[in-house]
Amino acid sequence: MGYFYLFVLVLFSWSCFIQATNGLQTYQTQLLLQIRKHLEYPSHLQILDNYNGDLCFLSATSHVMISCQGNFVTELKIRGDKFANISGFNGYAIPSKTLSETFSIDSLVTTLTRLTSLRVLSLVSLGIWGPLPDKIHRLYSLELLDLSSNFMFGSIPPQISRMVKLHTLILDGNHFNDTIPDTLDSLSNLTVLSLRGNRLKGQFPFSICRISSLTDIALCHNKLSGKLPDLSSLTRLRVLDLRENQLDSKLPVMPHGLVTALLAKNLFSGEIPGQFGISNHLQHLDLSFNHLSGTPPSALFDLPSISYLNLASNMLSGSLPEHLTCGSKLGFVDISSNKLVGELPSCLDNKSDKRVVKFGRNCLSVDGQQQHQGSHCKEANVRKSGRKIAVLVSIIVGSVLLLVLLAFGVLILSRRCCPRRTFETHIWQKAVQDNPTTGVSPEVLANARFISEVVKLGAQGAPVCRLFSLEELKEATNNFDSSMFMGEGSTGKLYKGRLENGTYVAIRSLPLLKKYSIQNLKVRLDFFSKLHHPHLVGLLGHCIDGGVQDDSSANKVFLIYDYVPNGNYHMHLSENCPEKVLKWSDRLAIIIDVAKAVHFLHTGVIPGVYNNRLKTNNVLLDEHRMAKLSDYGMSIIMEENEKLEPKEKFRGRRLQLRIYIT
C-alpha cells in the first residue's frame, strides 16, 4: 500500500512540473508577441501569424532569429528596412521612416527586460525613435547589444556601464548628440565599441583607455574634439576608426598590435611619430586630410604587413630618401597634395601594375601627375617660418605695450584722472585689430561637420565668379565657329575657346526660360566658382546673353570652365583605339580620383552637392591622365529652370549615376 501512495505522489509531482514548464514557455511566447506589437507588426515578423509550434524552433532568416535554452529566450535578432540615413530628423516621428507617434521606446525596453535570460539582442533598422531609457541596464545578462540604424537621440545612458557581461556594444547610425559616458571602463569584458555615424560631441573619454579587452573602436562620423589620449595600454586593440571628427591634438602613442588605423579628416597636427614605423602588424593607415607636417618616416613604407597608406592632403615637407624601400604587400600609396620636394623613390615610380601610387600636387622632380613649381613649397615653408616669427614678435611687443599701459594706468590712478576708461579703451582697440570681421561667421565654420581648408579659404577670401562679356566669348571662339564646336549634350552646346591671355577654356551654352531668376542663378554660380579640388573641372566665370547681368529677359547663359585637353574617360575605354586603352592600374587610379571628387562634393562643402551626372563622358583626363569631374552641380544650377519646364519633358528622363570601369 505504501508503494501505491509513493507512485501517486511521483505522478502528481511530474504533472505539476509539466504544467509549470508549459506555463513558462507560454509566458515567453507572449513576451515575443508583445514585442512584435510594440514594433508595430513589422513585415518580417508576419511569419508568427500562422506559426503554431514552439518559437524556439522557428527557422532563422536574414531578418529574424530566435534562440532558446531550457525554454528561455537567449537570442533575439530582428532586422527591418527602415534605414536611418535621414538628415532632417528632429526628434519626432517621420511617416514611413520611423515608428508612429504612439510608439513608446520606454514600453519596448520594459518588455525586453522581462526576457531575463536574454544574452544577444539585435534590433536593427526598425524605425525605433526616442531617447534610450536608463532602464536598459536591467538587461543584465546581455553580452551583445546592437541597436544600430534607428532614430534614437539624446545621450547614451551612463547606466549602460552596469551591464558588466557586455562584450559587444553597437549603436551605429543613430542620432545621439551628447557626450560619450565616462564610465564605460566598468565594462571589463567589452571587446567591440561601435558608435559611428551619430552626432556625439565632447572629448574622447579617457576611461576607454582603461578597457584592456577592447579589440575594435569605431567612433567615426561624429563631432568629437580635443585631444586623443595615449592608447598604448589597449594591447588587444586591432581596429581604430576615428575618421571625420574634429580631434586636434598631436598623434598619440598607438598599440603595437594595431592592424587598421583610420584617422582621416580630423585636425591632427605635428609630425608623424616614428613609433608608427615599428608597428609590424599595421595593414591599413589613413592619415589624410589633417594638418600633419615634417617628413614622413621612411619605415612606414616598408612595414612587413602594410598594404594601404594614405598621407594625402597634409602639410608634409622635405624629401623622401632616394633608396626608400617599399613593403612587398604595399598596394596603394597616396602622398598627394603635400609640400614634398626632390626625386620620387624608385619603389614609388608607379611603373608596376601591382601598386597604385598618387603623388600629384607636390613639388617633386618627376614627370606625370601634376606638380607645383619648386618655389611653391619653398614659399610655403618661408611663410610658415615668417608667421612663427611674426607671432613671436607680436607676443613680445604686446607684452611690452601691456606693461607700459599698466604703468601708465597706475600713474594716472595716483593722480585720479580717469585711468580705468583710458586702459579699457586701449585694450578694446587692440581686440578689434586682432579680430577683424570676416565674411563667414567663425561659429558656422567651427560647428560644421566637415569643411575642407580649401572651402574655408574660399568662403573667406576667394573672388566672386568672373563676369565675361559676350564679345569676349565671340572673340575667343571666332564668333562660335564650327571649328570650335566640341559637342552637344542634355545640358547645352560646348565650345573650345582661347582668351586674350592665351588660356584655353571650355564654354558651355545653356538655354534659359523667360521667368528664370537671374539673381538666384548668379548666387549658385558664385558658389560653384569657389569649389577648388584637384579632381574637379574649375568654373572660371559666366556670361548672361546680351551682357545685362540682372535682365530677367535673357534667354541664354554661358559657363566658362578650365579646358581639359586629353578627352574623356569613355574614349579611353573603346577597343577601337587600342593605343588609348588604359591599363587596369590606370583605370583604378581614375576611379579613385572620381571617388575623391564625389566625396568632396558630398561632404567637403556645405551644403553638399549631389546628383552630379556621373558618366564616363563627364570624367575628363588632363595631360597627366589625372581625372577631373565635369558637369557637377548642374541639377543645382538649373533647378529653377527645370521647375518651370513642362512635366512631359521629365517623364522619360532617368538619372544617370553610373560609372563604367570596364
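**Figure 1. Cysteine 543 and cysteine 220 in the predicted model.** In this predicted model, cysteine 543 counts as buried, because its relative accessibility is 0%. Cysteine 220 is likewise buried, with a relative accessibility of 0%.

**Figure 2. The three disulfides of the structure.** A disulfide is a covalent bond between the sulfur atoms of two cysteines. When the bonded cysteines are counted along the chain, the pairing pattern is 1-2, 3-4, 5-6. The close-ups that follow take the pairs one by one.

**Figure 3. The disulfide of cysteine 56 and cysteine 68.** The sulfur atoms of cysteine 56 and cysteine 68 are joined at an S to S distance of 2.0 Å. Cysteine 56 sits in the loop between helix H1 (2-38) and strand S1 (64-69), while cysteine 68 belongs to strand S1, so the bond ties together parts that are twelve residues apart in sequence. The link of cysteine 56 and cysteine 68 is left-handed, with -85° about the S-S bond. Cysteine 56 is partly exposed, because its relative accessibility is 23%. Cysteine 68 is also partly exposed, at 26% relative accessibility.

**Figure 4. The disulfide of cysteine 326 and cysteine 347.** In this pair, cysteine 326 and cysteine 347 have their sulfur atoms 2.1 Å apart. Are the two cysteines buried or exposed? Cysteine 326 is buried, with a relative accessible area of 16%. Cysteine 347 is buried too, and its relative accessible area is 16%.

**Figure 5. The disulfide of cysteine 363 and cysteine 377.** Cysteine 363 is bonded to cysteine 377, with an S to S distance of 2.0 Å. The link of cysteine 363 and cysteine 377 is right-handed, with 90° about the S-S bond. Distant parts of the chain are linked here: cysteine 363 is in strand S24 (residues 363-364) and cysteine 377 is in helix H3 (residues 374-414), 14 residues apart. Cysteine 363 has a relative accessible area of 6% and is therefore buried. Cysteine 377, at 1% relative accessibility, counts as buried as well.

Definitions and conventions. Residues numbered from 1 in each chain as written. Predicted model: local features only at pLDDT ≥ 70, side-chain atom pairs only at ≥ 80, totals over all residues. Heavy atoms only, no water. Disulfide = S-S within 2.5 Å. Helix = DSSP H or I, 4+ residues; strand = E, 2+ residues; numbered from the N terminus. Buried < 20%, exposed > 50% of the residue type's maximum accessible area, 1.4 Å probe, protein only.
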